[in-house]
Structures are given as C-alpha cells and as structure tokens.
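Please open the model in your viewer and keep the selection panel at hand.

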Amino acid sequence: MKEVDIRAPRYTSYPTADRFVEAFGPEDYIRHLQAREMRPAVPLSVYVHIPFCSALCYYCACSKKITRNYEKAERYVRHLVAELSLVDARLGGDRRLLQLHLGGGTPTFLKERELRILMSALREHYALSSSGEYSIEVDPRTVDDEKMALLSELGFNRISLGVQDFDRQVQTAINRVQPETLVQSVLDRARSLGFESTNFDLIYGLPRQTLAGFEKTIDSVIAMRPDRIALYSYAHMPLVFKSQRLISINDMPNVATSQAVFRMANERLEAAGYEYIGMDHYALPDDPLAKAHRNGLLHRNFQGYTTQPDCDLVALGSSSISRIGSCYSQNQKSTNDYNDCISQGILPTQRGLELSRDDMLRRAIIMAIMCQGEVDKETFEVNYLIDFNQYFAEELLALEPLMQAGMVDDESSRIVVTATGRREALRLISACFDRYLSDQKSRARYSKVL
C-alpha cells in the first residue's frame with residue numbers, strides 16, 4: 001500500500017469510545033442493566049481493569065497509575081468488589097460468565113490476598129462455565145512460580161504475556177527491560193500448570209527497532225511457540241500520551257522500516273504455521289481462535305478477537321467500558337474519582353452512548369468485515385429492512401479506491417475482503433462505513449493504519 005498518513009480506528013467497538021457523551025450517566029446504565037431481563041438467554045463477559053504498574057513503560061497508551069504504594073491497590077480492590085455488588089443489584093438476565101479478562105495496567109501487580117478476594121467476589125455473583133475463557137494479562141517481571149500456580153488455582157486458563165520486543169536496545173528505549181530467559185521461564189511454568197492457551201503481545205514500530213533486530217525476536221517467539229500472537233502497530237502520539245514524550249523522535253523507525261518489519265513478521269509467522277486471524281492476531285491451527293476463524297464464528301470486543309458469542313460485557317474498574325445491549329458505558333477514568341463514586345454507593349459511570357438503529361446496523365457491518373472478511377448484503381436487507389446498495393451508496397463509492405488497489409471486491413450480493421485487504425486494510429474498509437468519519441480532521445485522533 002502507498003506510504004501515506006492514513007488513520008482509522010481499530011474498531012474494538014462501534015461507535016468508537018471518543019464518540020461517547022457525558023449526558024449518558026449512571027441512571028442510563030442502570031436502565032440497560034435492568035433491560036437484560038427482556039433478553040434472558042444472553043450470556044455475560046466481564047472485564048476488570050487493574051490500573052496499577054510499578055514502573056512506567058514509555059510506549060504505553062493504556063489507562064494506568066504508576067505507584068509503589070500497595071495500599072492504593074488494596075483500597076481499589078475493595079471498591080471493585082463494591083462496584084460488583086452495585087452492578088449485580090441492577091443486573092437482569094443470565095448470570096453465566098463465558099469470558100473473564102483482567103487487564104490494565106498490570107493485573108499481576110496484585111498480591112495473593114487481593115487476587116483471592118476479587119475472584120471470590122466474581123464467583124459469588126456469576127456462574128463460571130467449565131468451557132469459559134478466563135484470561136489475565138501478565139507482566140513477566142511481576143510473577144514467579146508461586147504466583148503462576150495461584151493464577152491457575154483461581155481458575156484462569158489463559159494468559160497473555162507482554163513481550164513487545166526481545167531486543168535490549170528497544171527495551172531500554174521503552175523502559176521495559178525483561179530478559180528473554182524470563183519470558184521463557186514464565187511460559188514453561190504456564191505449560192506445566194496446564195494453561196489452555198498462551199498469548200504473546202508484540203509491537204512493531206517501536207524506537208530503535210530494526211528489521212534485523214525484530215527478525216531475531218520473531219525467531220525466538222516462533223521457537224517458544226505460544227498458541228496466539230498479537231502483533232500490534234505502535235501508535236506514537238506524544239501530544240495525547242505524556243509518557244511517549246520520553247521517547248526521542250530520532251529513535252523512531254521510518255514508515256518504510258515499520259512496513260518491512262510487519263511484512264517480515266507476517267511472512268515468518270505464517271511460514272511457521274501460524275494462521276492470520278485478522279487485524280493484529282495470529283494463532284496456531286489447533287487453537288480455538290483459529291478454528292473459530294475458519295468456521296466463521298469469530299467475534300470482536302474491547303479485548304480484541306474472541307471465540308465467545310456476542311455477550312453483554314460488564315466492565316469493572318476505572319476507565320473500563322461496558323457494552324450492554326444497545327449501549328456503551330464508561331467508568332470514571334481517574335482512580336480517585338472512581339473510588340469516590342463507589343464510596344458514595346454510586347455507579348461510577350462518567351459517559352456513554354445509546355446506539356441508534358443506524359449505529360447498530362453499521363456496527364454489525366463493521367464487525368462482519370473485521371471478523372468474517374465479508375458482508376452478505378441480503379442478510380442485512382432482511383434484518384434491517386433496507387436496500388443495501390441504496391442505503392450505503394456513498395459508502396460503496398468510498399470503497400472504490402480500495403477495490404482498485406485490490407483490497408476488497410464489491411460483488412452483486414456481498415462485499416468480500418481480499419487476502420491482501422485482510423492484512424493491510426481491514427481498518428480502512430471498515431472506516432468507509434463509519435458515519436462519524438466525515439473528513440480527515442475526524443481521523444486525526446486515531447493511529448496510522450500502517
């Protein structure tokens with residue numbers, strides 16, 4: 001693809017979170033929680049945000065709080081449990097929990113006592129299924145054999161290790177030094193404990209990253225053979241994320257280098273037997289994510305691609321985003337504001353959005369593009385009572401440059417993303433159906449596509 005500054009959302013949701021409004025408050029969220037009674041068969045997914053980290057990774061754009069004062073974490077977990085009770089008192093419908101994810105920040109910042117308190121509270125309110133996916137993000141620097149055994153005992157069956165890059169110069173530039181041997185030891189321990197799936201998070205486009213250096217990282221990753229790999233593009237946005245201002249612009253690779261790194265990584269991973277799932281994600285053929293991809297059963301939420309059906313998502317903790325039916329609801333971003341709301345017995349909803357019929361239609365189309373790589377026009381015409389080509393006349397016109405570039409085909413009955421488009425243009429194709437992206441100014445807030 002031509003090397004231009006093209007930006008678009010990653011579409012873990014639609015509309016994207018920057019479209020949420022503060023007119024949406026706790027009472028609106030409560031109304032949607034209660035309305036689950038009308039959809040009794042819809043299962044649940046739960047996300048818990050743990051914002052704490054003991055050190056700052058310069059590249060990180062997550063909502064986090066750097067501290068070595070563990071009392072803050074103890075207080076926060078008490079409020080998580082209280083929020084869980086506040087939500088549960090209003091929550092209608094099914095209590096089956098098919099998916100649980102602890103993200104951050106650094107979830108493994110928590111010590112044994114707080115992890116036990118949190119998991120005990122979750123089990124008290126929800127029914128964890130034997131077939132569910134229960135995952136936690138792991139910083140290899142924060143776990144030992146005993147903590148890994150604890151995670152297994154508590155019911156986690158999947159872990160995601162933050163690797164980023166094994167090159168020492170890159171690690172120094174992003175202030176995250178972790179030896180390759182440390183990652184290997186955590187991975188070995190996870191396998192000995194019977195974790196069902198392991199994921200590595202890698203990032204290309206980091207400071208001081210070179211093609212030769214990342215080749216060595218990819219070779220090491222392939223040798224370790226995690227079940228899944230997420231290969232993210234680093235979004236350098238120092239005007240938005242203060243920590244990224246600690247990275248020297250002179251250390252940043254140019255666009256050509258980043259594209260070469262991505263293509264090299266993609267080729268090597270596929271040659272090693274990893275299946276390309278969709279934007280950022282790879283999996284071994286026998287992993288459930290790869291099977292879901294082959295069978296057209298892939299889904300996408302705020303944590304990325306998943307095998308679980310279209311669950312309602314209850315999110316707990318500061319900055320976390322719930323998706324219940326036709327609404328999104330985001331908690332207070334500041335941990336202090338979050339704690340204050342919970343202390344007063346108030347749900348910490350800061351903003352959100354009630355989706356219109358058009359939003360629901362476009363969300364379904366974008367998720368079909370992101371997950372299945374095609375849109376069956378007739379299905380949407382029947383489900384939404386529209387004439388697809390007429391309703392989306394402008395969008396189909398916007399697709400034409402991507403069709404000419406060989407990224408997507410507009411057939412009479414369906415829109416099909418090509419193999420090249422799946423690797424390089426999923427975000428761009430999806431963006432054509434985003435009615436909020438009316439001009440390039442709207443796109444400026446998002447990261448570059450490649």
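Begin by selecting R435, which counts as partly exposed at 41% relative accessibility, and bear in mind throughout that this is a predicted model. R435 sits in the loop between α17 (426–431) and α18 (440–443), whereas D358 belongs to helix α11, so the pair ties together parts that are 77 residues apart in sequence.

Keep D358, which is buried with a relative accessible area of 15%, and select R362, which is also buried, at 6% relative accessibility. R362 forms a salt bridge with D358, with 2.8 Å between the closest N and O atoms, and these two residues, four apart in helix α11 (residues 357–371), are separated by about one helical turn.

Next, select E153 and R116, whose salt bridge has its closest N and O atoms 2.9 Å apart. Because E153 lies in helix α4 (residues 145–153) and R116 in helix α3 (residues 112–125), this pair ties together parts 37 residues apart in sequence. E153 is exposed, at 52% relative accessible area, while R116 is partly exposed, at 31%.

For a network of salt bridges, select E133, R158, E196, R228 and D287 together.

Terms used. Residues numbered from 1 in each chain as written. Predicted model: local features only at pLDDT ≥ 70, side-chain atom pairs only at ≥ 80, totals over all residues. Heavy atoms only, no water. Salt bridge = Lys/Arg side-chain N within 4 Å of Asp/Glu carboxyl O. Buried < 20%, exposed > 50% of the residue type's maximum accessible area, 1.4 Å probe, protein only.
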